[in-house]
Amino acid sequence: MKRAIFPGSFDPITLGHYDIIKRGIKLFDEVIVAIGVNSAKKYMFSLEQRKKFIEDSFKDEPNVKVVTYEGLTVDFCQKNNVDFILRGLRNPADFEFEKAIAHTNRDLAPIETVFLLTSATTSYISSSIVREVIHHNGDYTLLVPDTVRV
């Protein structure tokens, strides 16, 4: 079984994340959306809220599993028999950042990183932009799945 982890903070999940997960389902037998826990980071949404947003978004997709984890992504992969890390790329800066992480992960464990380009219609969306729109009472609903409600 080909399993991939799609790691991130998902604060909140965006339509860009949603698109990558939906396309990942076509490539892998199972996509594990793994919400990383970083105690040093301040989040807008609680871990439980972020997990529920994603679970509700994929409630009809049995091949999508949502978990939380702490520590290195490659350690999670090795403990859970996952051979692939799925990542979305919006722009050249994402590529440079993700390339360095992918090389490091390959040095640490035999894990392959698979990159998918975001769709043109979602390539400008980031969780930080969504949080800013929410903070200023803007219409964030155009940027996130329907399950994300403030």
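Helices (H or I, at least four residues) and strands (E, at least two) are DSSP runs, numbered from the N terminus. The expected span of a helix is 1.5 Å times one less than its number of residues. The model is predicted: local features need pLDDT of at least 70, side-chain atom pairs count only at pLDDT 80 or more, and totals for chains, interfaces and linings use all residues. Residues are numbered from 1 along each chain as its sequence is written, and side-chain values use heavy atoms, with hydrogens and water left out.

**Figure 1. Overall fold of the protein.** The protein has 5 helices and 5 strands, in the sequence order β-α-β-α-β-α-β-α-β-α. Its C-alpha atoms fill a box of roughly 45 × 35 × 30 Å along the principal axes. The radius of gyration, taken over C-alpha atoms, is 15 Å, which agrees with the value near 15 Å for a compact globule of 150 residues; the globule rule is 2.2 Å times the number of residues to the power 0.38. Of contacts (heavy atoms within 4.5 Å) between residues at least 6 apart in sequence, 77% join residues at least 24 apart.

**Figure 2. Helix α1 and its cover.** Helix α1 spans residues 15–27 and has 13 residues. From its first C-alpha to its last it reaches 19 Å, close to the 18 Å expected at 1.5 Å a residue. Gly16, His17, Asp19, Ile20, Ile21, Gly24 and Ile25 of α1 are buried, where buried means under 20% relative accessible area, exposed over 50% and partly exposed in between (1.4 Å probe, protein chains only). An α-helix has 3.6 residues a turn, so residues three or four places apart point the same way. The cover over the buried residues of α1 includes β1 (3–8), β2 (30–36), β3 (64–69), β4 (84–89), β5 (112–117) and α5 (127–135).

**Figure 3. Surroundings of valine 64.** Valine 64 lies in strand β3 and is buried, with a relative accessible area of 12%. Leaving aside residues up to four places away in sequence, valine 64 touches Ile21, Ile25, Val31, Val33 and Phe58. Glycine 16 is 48 residues from valine 64 along the chain, and their C-alpha atoms are separated by 16 Å.

Figure 4. Glycine 71 is placed in the loop between β3 and α3 (73–79). With 58% relative accessibility, glycine 71 counts as exposed. Valine 37 is 34 residues from glycine 71 in sequence, and the two are 7.9 Å apart in space, C-alpha to C-alpha.
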